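Me: I have a new structure open and would like to walk through it. Can we take it piece by piece?

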Amino acid sequence: MHIPFCKSRCSYCDFVSYTDFSHVESYFNCLNKEIEMWSKLLGKQKIDTVYIGGGTPSDVPIEYISKLLKNVEKRFHLVDPEITVEINPNFSRFADLKNLGINRLSIGLQAADDTVLKAVSRRHSVYDFRKAYEGASAYFDNVNIDFIIGLPQESRQTITRNLELVEQYRPKHVSVYILEIHTENAIVSQIDQDNTAIHHEIFVNELERLGYERYEISNFSLPGYRCKHNLKYWHNDDYVGIGVSAGGHVKSKRYVNVSNLHRYIEMINSGEFAFEYFHENSSFEELRETLFMSLRLCDGVEIRRLKKLSPKMNVYRLIEMFPGQLIFDRNRLKISKSGMDFSCTLLSEIIDKDTLLRVTGGE
Ligand code: SF4
């Protein structure tokens, strides 16, 4: 569920988020309507993960989040769910979040250095984060910290600070993203690509040394704490995305909602889904998506799953086409450790239409 509101805007922001809060109430009414629409369509389905992201969900009054969760609970069948909410380090109402049934937090720290945080107009300081993390720890055992590598003012020293903070708190989960900006943005000129690659390598290696398992290209966890919700995306399982610019995958149908808040509100209020994109995938398209998502995981994908989507698929031929980068391991297809570092290019080459047509016999 996407909450597209933030009290201020970070200079690198590439997401759909609004600093004008005047439509929060009507937006939440629409989220609740969209939940109702999906429950009518799908029936009282079992749900085992809920993710409330943004934007900054912790910037809106908690009562809205409470109503949203109650609505999900009423219309679906929640089974021992992992319920995550993203928070900003300025947040402090942890007991209230816990009382709503939320059991996992994701805190957007981004960097453990105030100069870096200031350079990208983040509202919080490292001190704010420490206060929030320590406050959260009294109520939550399962906490993720988000970091971004490649921000302006980043250096070896600031990467070391990130690592020292992880070593001190030992959060159960750490996400490490490389800054990517797809739109015109003034900070693009301040990004040092070479150093970003070096900093990323240092961070990743040190996290592994600290006992974190890199179970996905950008995600690390202590044993037993992989993010169940995000695993659904990477397994290309079914999920429903609610809200502006949210996407979903339901029984081989793929959709993305409109990214304009007013348009979203208008469409939902008129009783229709707010799709901007809607497509029924063929088996071949499902195969491409499954490979693209699942190969991001260190566990890769079960050959059986691929064969189900494409019975004639020749997995060995695919491995031969990417020597040293794709491997076969206990009935699974995986990207090798060295392949992980070039995953973006590698994944696009693997799911290239011609490549896949060659290994599936044109199915
Ligand atoms: S908190 Fe996230 S969504 Fe909000 S402005 Fe910053 S980068 Fe954008």
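Me: Where does glycine 55 lie?

Reply: Glycine 55 is in the loop between strand S2 (46–54) and helix H2 (62–75). Helices (H or I, at least four residues) and strands (E, at least two) are DSSP runs, numbered from the N terminus. This is a predicted model, where local features need pLDDT of at least 70, side-chain atom pairs count only at pLDDT 80 or more, and totals for chains, interfaces and linings use all residues. Residues are numbered from 1 along each chain as its sequence is written, and side-chain values use heavy atoms, with hydrogens and water left out.

Me: Which form does the peptide bond from glycine 54 to glycine 55 take, cis or trans?

Reply: That bond is cis, with omega near 20 degrees. Most residues other than glycine have a negative phi, and most peptide bonds are trans.

Me: What is the phi of arginine 170?

Reply: Arginine 170 has a positive phi of about 45 degrees, although it is not a glycine. Its place is the loop between helix H6 (156–169) and strand S6 (173–178). With a relative accessibility of 34%, arginine 170 counts as partly exposed; buried means under 20% relative accessible area, exposed over 50%, and partly exposed in between (1.4 Å probe, protein chains only).

Me: And what about serine 252?

Reply: Serine 252 has a positive phi of about 65 degrees and is not a glycine either. Serine 252 sits in the loop between strand S9 (247–250) and strand S10 (253–257).

Me: Stepping back, how many helices and strands are there?

Reply: The protein has 15 helices and 14 strands. Its radius of gyration is 21 Å, close to the 21 Å from the globule rule for 363 residues, so the protein is as compact as a globular protein of that length. That radius is taken over C-alpha atoms, and the rule is 2.2 Å times the number of residues to the power 0.38. The C-alpha trace spans about 55 × 55 × 40 Å along its principal axes.

Me: How much of the protein is buried?

Reply: Buried residues make up 52% of the 363 residues. Among contacts (heavy atoms within 4.5 Å) between residues at least 6 apart in sequence, 68% join residues at least 24 apart.

Me: On to the sheets. What is the strand order in the sheet with eight strands?

Reply: The order is S1-S2-S3-S4-S5-S6-S8-S7, in an open sheet with mixed pairing. Strand S1 (2–3) and strand S7 (213–216) stand at the edges with a single partner strand each, so one side of each has no neighbour in the sheet. Two strands pair if DSSP finds at least two bridges between them.

Me: How do S1 and S2 pair, parallel or antiparallel?

Reply: S1 and S2 are parallel, with two bridges. Histidine 2 stands opposite glycine 53 in S2.

Me: What about S5, is that strand covered or open?

Reply: Strand S5 (residues 142–149) is mostly covered, with eight of its eight residues buried. Asn142, Asn144, Asp146 and Ile148 point one way, while Val143, Ile145, Phe147 and Ile149 point the other way. In a regular strand the side chains alternate between the two faces of the sheet.

Me: Which strands pair with S5?

Reply: Strand S4 (residues 104–110) pairs with S5 in the parallel sense over six bridges, and leucine 105 has valine 143 in S5 as its bridge partner. Six bridges also join S5 to S6, and these two run parallel. There, isoleucine 145 stands opposite valine 174 in S6.

Me: Is aspartate 80 buried or exposed?

Reply: Aspartate 80 counts as exposed because its relative accessibility is 67%. Aspartate 80 lies in strand S3 (residues 77–87). Aspartate 80 and isoleucine 47 are 33 residues apart in sequence and 8.6 Å apart in space, C-alpha to C-alpha.

Me: What is the order in the sheet with three strands?

Reply: That open sheet runs S12-S14-S13, with antiparallel pairing. Its edge strands are strand S12 (301–302) and strand S13 (326–329), each pairing on one side only. S12 and strand S14 (residues 332–335) share two bridges, and glutamate 302 has arginine 332 in S14 as its bridge partner.

Me: Is lysine 334 buried or exposed?

Reply: Lysine 334, in strand S14, counts as buried because its relative accessibility is 11%. Not counting residues up to four places away in sequence, lysine 334 touches several residues, including Leu295, Cys298, Asp299 and Ile327.
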